[in-house]
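Here is a short tour of some side-chain pairs and a helix packing. Have a look at the model first, then read on.

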Amino acid sequence: MQPTGQLQNDELDALAWGFLGSTYASKRFVEWPIDRRLHAYLRHQGLGHIADDGTLCANLLDRVMANIASALDSGTLRPDG
């Protein structure tokens, strides 16, 4: 990965899809706000520098939100999971 603030679109998409396929996007964490889930996922992946970069993390959250429907359609994100 590139230094903080310089992630390419495909890297942001890969991180968003990684999050959407993770346990942090499941019902197990349903009580947590989506931004807290994303921060926990990033920290768990050793990417705390991304979680700490407000602009970059906001861009990543936008990618997550934009891909929820596609993740549901593809089975990456399970509505019952």
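## Salt bridges

Arg43 and Asp52 join their side chains in a salt bridge, 2.5 Å from N to O. (That term calls for a side-chain nitrogen of Lys or Arg within 4 Å of a carboxyl oxygen of Asp or Glu.) Asp52 is exposed at 56% relative accessible area, while Arg43 is partly exposed at 44%. Here buried is under 20%, exposed is over 50%, and partly exposed lies in between, using a 1.4 Å probe and protein chains only.

How many salt bridges does the structure hold? There are two. Arg63 and Asp13 also pair up this way, at 2.8 Å from N to O. This pair ties distant parts of the chain together: Arg63 sits in helix H4 (residues 54-66) and Asp13 in helix H1 (residues 9-20), 50 residues apart. Helices are DSSP runs of H or I with at least four residues, numbered from the N terminus.

## Where two helices meet

Ile34, Asp35, Leu38, His39 and Leu42 in H2 touch Cys57, Leu60, Leu61, Val64 and Met65 in H4, with contact meaning heavy atoms within 4.5 Å. Sorted by type, the residues of this contact are eight nonpolar, one polar and one charged. Nonpolar covers Ala, Val, Leu, Ile, Met, Phe, Trp, Tyr, Cys and Pro; charged covers Asp, Glu, Lys and Arg; the others, Gly among them, are polar.

## About the model

This is a predicted model: local features need pLDDT of at least 70, side-chain atom pairs need 80 or more, and totals for chains, interfaces and linings use all residues. Residues are numbered from 1 along each chain as its sequence is written, and side-chain values use heavy atoms, leaving out hydrogens and water.
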